[in-house]
Amino acid sequence: MRRASTLASSVLSRTLTPTLHEGGALSTINHRFLLVALYSTTSNTGSSHSRRIFNPFSSSLGVAGALVSAAAAASLSQDVLAKEPPRAELVPKEVVLYQYEACPFCNKVKAYLDYYDIPYKVVEVNPISKKEIKWSDYKKVPILMVDGEQLVDSSAIIDKLRNKIHGKEIVESASDKDDDEEIKWRRWVDNHLVHVLSPNIYRNTSEALESFDYITSNGNFSFTERITVKYAGAAAMYFVSKNLKKKYNITDERAALYEAAETWVAALNGREFLGGSKPNLADLAVFGVLRPIRYLRSGRDMVEQTRIGDWYTRVENAVGESARIKA
């Protein structure tokens, strides 16, 4: 038992380390809070309704800050020009994503690739050995190889891809108002929304086990790691989530989740998407973060108790089938 417990602690803390600072803006966290796993998803490349599960493996551990006020509405007929479909000659010839299937930042990148129908291969990284990325000096995920060029950090990856596939002149033609709103809400996703999710996913033991069952079933773990992490990880994260609530003064995790969802809906201000009649990068970021929890109990509750469901379905339909191809 002691050996299993030690292995679980080692597995969880080592897997968290490479992705905790993906966004580059986190403070030092006590080691006992490093017993975490990932946002977890299934890998169903043939369906846009694949079940995906959240786990804050690579999300910053913290509480949501003050809610961001809703941005001013743009005309429904006004599209963000940077979101126009790329010309065929600008689509990369080879795209390879090094990921944890359960990583939220990886899901953000995949939402972008799927929406623009950019074919990509996936290399699942073992979170313990990381042997799949030993060739790289960068030891976090996601890593995206685009025609031989290494791109890192999810938000930077998306920005660089946008410049590549749309052309610099098209990106710069978007209005300042649209761009400012989009940037504001993309930051809200990284600095606020992701922090609300952790206490919800591990709210009680049954929800914690639900998450870790998916994590261990779809992550790149050995058999021994899978069994140990499922039970030890679920137990650890149940108690960690309680400490996080206390540390960051979260009294009702569901209320915080619902409030974040309603804040996003308010930002839409009647529009189909934040980008107008088509999703922009903020729409894709919110969708990418929420997609892993959609079919967990917390995600089902969120859709039932808030107005976000219609928007989510619209984005899900717009993103469509996965562009992932077999390696």
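Visitor: What is the order of the strands in the open sheet of 4 strands?

Guide: This is a predicted model. In it, the open sheet has the strand order β4-β3-β5-β6, and its pairing is mixed.

Visitor: What does a sheet pair through, in general?

Guide: The strands of a sheet pair through backbone hydrogen bonds, in either a parallel or an antiparallel way.

Visitor: Which strands stand at the edges?

Guide: They are β4, residues 121-124, and β6, residues 149-152. Each has a single partner strand, so one side of each is left without a neighbour in the sheet.

Visitor: And how much are neighbouring strands turned against each other?

Guide: On average the turn is 20°, with direction ignored.

Visitor: In which sense do β3 and β4 pair, parallel or antiparallel?

Guide: Strand β3, which covers residues 95-99, pairs with β4 in the parallel sense, over 4 bridges. Within this region, Val96 stands opposite Lys121 of β4.

Visitor: Which strands does helix α3 touch?

Guide: Helix α3, residues 154-166, packs on the sheet and touches β5 (143-146) as well as β6. The direction of the helix makes about 130° with that of β6.

Visitor: Let me turn to the backbone. Where is there a cis peptide bond?

Guide: A cis peptide bond joins Val141 and Pro142, with omega at about 5°. Pro142 is placed in the loop between β4 and β5. For background, most peptide bonds are trans, and most residues other than glycine have a negative phi.

Visitor: On that last point, what is the phi of Asp147?

Guide: Asp147 is not a glycine, yet its phi is positive, at about 50°. Asp147 sits in the loop between β5 and β6, and its relative accessibility of 44% makes it partly exposed.

Visitor: What about Asn269: what is its phi, and where does it lie?

Guide: The phi of Asn269 is also a positive value, near 50°, in a residue other than glycine. Asn269 belongs to the loop between α8 and α9. With a relative accessible area of 48%, Asn269 is partly exposed.

Visitor: Now Arg271. Is that residue buried or exposed?

Guide: Arg271 is buried, because its relative accessible area is 3% and the cut-off for buried is under 20%. Arg271 lies in the loop between α8 (253-268) and α9 (281-290).

Visitor: What does its side chain reach?

Guide: The side chain of Arg271 reaches the backbone oxygen of Leu274, at 3.2 Å.

Notes: Residues numbered from 1 in each chain as written. Predicted model: local features only at pLDDT ≥ 70, side-chain atom pairs only at ≥ 80, totals over all residues. Heavy atoms only, no water. Helix = DSSP H or I, 4+ residues; strand = E, 2+ residues; numbered from the N terminus. Buried < 20%, exposed > 50% of the residue type's maximum accessible area, 1.4 Å probe, protein only. Polar contact = N/O pair within 3.5 Å; in protein donor to acceptor, adjacent residues only side chain to side chain. Pairing = 2+ DSSP bridges. Axes fitted to C-alpha atoms, helices over the stretch in contact; angles between N-to-C directions. Contact = heavy atoms within 4.5 Å.
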